[in-house]
Amino acid sequence: RLFPVRPGAALTRWFFSQYPHVQLDIMKLSVDVAAVCLWRKLVSTDNGVDLQVCTSKNPTCCTRKMEERYQTAAKQDIQQVLQTSSAALKFLISRNAAAFQETFEMLIRLAENYTSTLFCNAYRTMAAEATVHVQEFFTDVGLFLFGTDVSTEEFVNRFFDTLFPVVYNHVINPGPTDISLEYAECLRVARRDIRPFGNIPRKAIGQMGRSLLPSRTFLQALNLGIEVINTTDHLRFSKACSRALLRMQYCPHCQGLTLSKPCLGYCLNTIRGCLADLAEVDLHWRGYIQSLEELSGALSGAYSIEHVLLNFHSLVRDALVQARINGPELLEQVNKICGPPVRKPKQSPGCSFDQNKDNQGLKMFSRDSEETFANRRKEFISQLRLYRAFYGGLADQLCGNELAAAEGLPCWNGEDVVRSYTHRVVGSGIKAQSANPEVQVKGTDPVISQIIDKLKHVIQ
């Protein structure tokens, strides 16, 4: 008998009046799905013979096209759950990565300000020339700190190389005219042999290397953490996993069981199979957090980036004092290597540096702020430790909090609603999945293998 065409609730009421014996089943369903599903059960002649996954001995209300749509929905659902579960962790790392980078940028600006102010206050006649080299130096500091492949030894040496002709012209052998460009170039090349600044350039190289490298590695590690989460948030599911997710989440709908949830053990087997690759990340993720903790510790002390950058101007001041004290000896050495100075009309302007620039920042980033920066790192690491087992316990978290039925309630076992799941529940990781009754796992995703390799590199 064909159903008359009746909209919405009217159709449902008519259906119940005609078929009262199925009213108990209907109580399990939402009204709209119940009506459509049971209608298909009663009038269908194919009984789901073309279904690939949601096959059943019972009547079904699914078609092959519905099954395909459900499979797409199942993958989207689990991806959404993955992204939701990692959202707080991702926010923690990305927020702190941005904050630490901003702090480093502020430190560089303030250190440049301190050094340029030194020249304006104590060596005003050469300040305009010197501040150009100061700006170039701190540009190199920023490039190194934020990932460019430059050498700390190279840019520290370059700074003192280019500073020497300026110091010679204004401190060691000042005159009514400037030295020529050719003579300045000779001085620049000879600086490492003459050593006008004594051991201070070597000291600066050591301090910069021991300070900037851990800071750079720390920032790179934070960005890697964000990359790991972005990668695992968009995990590519295998065909076997996609079918298992469909069976777990939407196949009960084909029997009208729209309110049923999977049994906990069934859910764990399915999700552990689908997330077996992510479980392999667990050991390396724990090592990654341990490495971040060690890097954070290396950012403190005498070689902290705050201490080294904000005291660089003191090294420069000491270098200038040493050059002035050793002036007569330096003149003899320069004359032997470059000859007497060749002069040109004087063009050196006075100090053009705006000493008020970043004054607000100078006040804000006081010496007390070094302790605040250290406390922020400690707080970040303390919060990050809570996520050490994130990847190892992800399947348990998803099933326990989101996907599975509560303990003691009837649940879906992949075929029917039952009181409990009877199959063995496997552990996490690729090897454990050989005994998984729900999902066949073949091997590690190459994308996840690449992420693991990157984590290994940071740990080393």
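Leaving aside neighbours within four places in sequence, K90 is in contact with I229, N230 and D233, where contact means that heavy atoms lie within 4.5 Å. K90 lies in helix 4, and helices here are DSSP runs of H or I with at least four residues, while strands are runs of E with at least two, both numbered from the N terminus. The C-alpha atoms of K90 and I229 are separated by 6.6 Å, although these residues stand 139 positions apart along the chain. K90 counts as partly exposed because its relative accessibility is 29%; buried means under 20% relative accessible area, exposed means over 50%, and partly exposed covers what lies in between, with a 1.4 Å probe and protein chains only.

This is a predicted model, in which local features need pLDDT of at least 70 and side-chain atom pairs count only at pLDDT 80 or more, while totals for chains, interfaces and linings use all residues. Residues are numbered from 1 along each chain as its sequence is written, and side-chain values use heavy atoms, with hydrogens and water left out.

## The chain as a whole

The chain holds 19 helices and four strands, and buried residues make up 49% of its 460 residues. Among contacts with a separation of 6 or more, 81% are between residues 24 or more positions apart. The accessible surface comes to about 23000 Å², and carbon and sulfur atoms account for 51% of that surface; such areas come from the Shrake-Rupley method with a 1.4 Å probe, and for residues only the protein chains shown count as cover.

## The nonpolar core

The largest nonpolar core has 123 residues, of which F119, I271, W285 and L309 touch the most other members. The largest share of this core, 20 residues, is supplied by helix 4, which runs over residues 64-122. A core of this kind is a set of buried Ala, Val, Leu, Ile, Met, Phe, Trp, Tyr and Cys residues joined through side-chain atoms within 4.5 Å. When residues up to four places away in sequence are not counted, I271 touches I78, L245, M248, A395, L398, C399 and L403.

A111 also lies in helix 4, and A111 is buried, with a relative accessible area of 0%. Apart from residues up to four places away in sequence, A111 touches F138, L309 and L310.

## Helix 7 and the residue after it

Helix 7 consists of the 14 residues 181-194, which at 1.5 Å a residue should span 20 Å, and its end C-alpha atoms are 19 Å apart, in agreement with that value; the expected span is 1.5 Å times one less than the number of residues. The helix has a kink of about 30°, centred on R188, where the bend is the angle between axes fitted to the seven residues ending at a residue and the seven starting there.

Which residues of helix 7 are buried? They are Y183, A184, L187, A190, R191 and I194, and what covers them includes helix 6 (152-172), strand 1 (178-179), helix 8 (200-233) and helix 15 (327-338).

R195, which follows helix 7, is found in the loop between helix 7 and helix 8. R195 has a positive phi of about 55° although it is not a glycine. Most residues other than glycine have a negative phi. R195 is partly exposed, with a relative accessible area of 45%.

## Aromatic pairs

The chain has 23 aromatic pairs, counted when the ring centres of Phe, Tyr and Trp (its six-membered ring) lie within 6.5 Å; planes under 30 degrees apart count as stacked, over 60 as edge-to-face, and the rest as tilted. Two of these pairs are set out below.

| Pair | Distance between centres | Angle between planes | Class |
|---|---|---|---|
| F119 and Y123 | 6.5 Å | 55° | tilted |
| F137 and F155 | 5.7 Å | 65° | edge-to-face |

One aromatic cluster includes F137, F138, F155, Y168, Y183 and F312 among its members.

## A buried loop residue

N436 is found in the loop between strand 4 (417-418) and helix 19 (446-459), and N436 is buried, with a relative accessible area of 9%. Leaving aside neighbours within four places in sequence, N436 is in contact with N269, G273 and V426.
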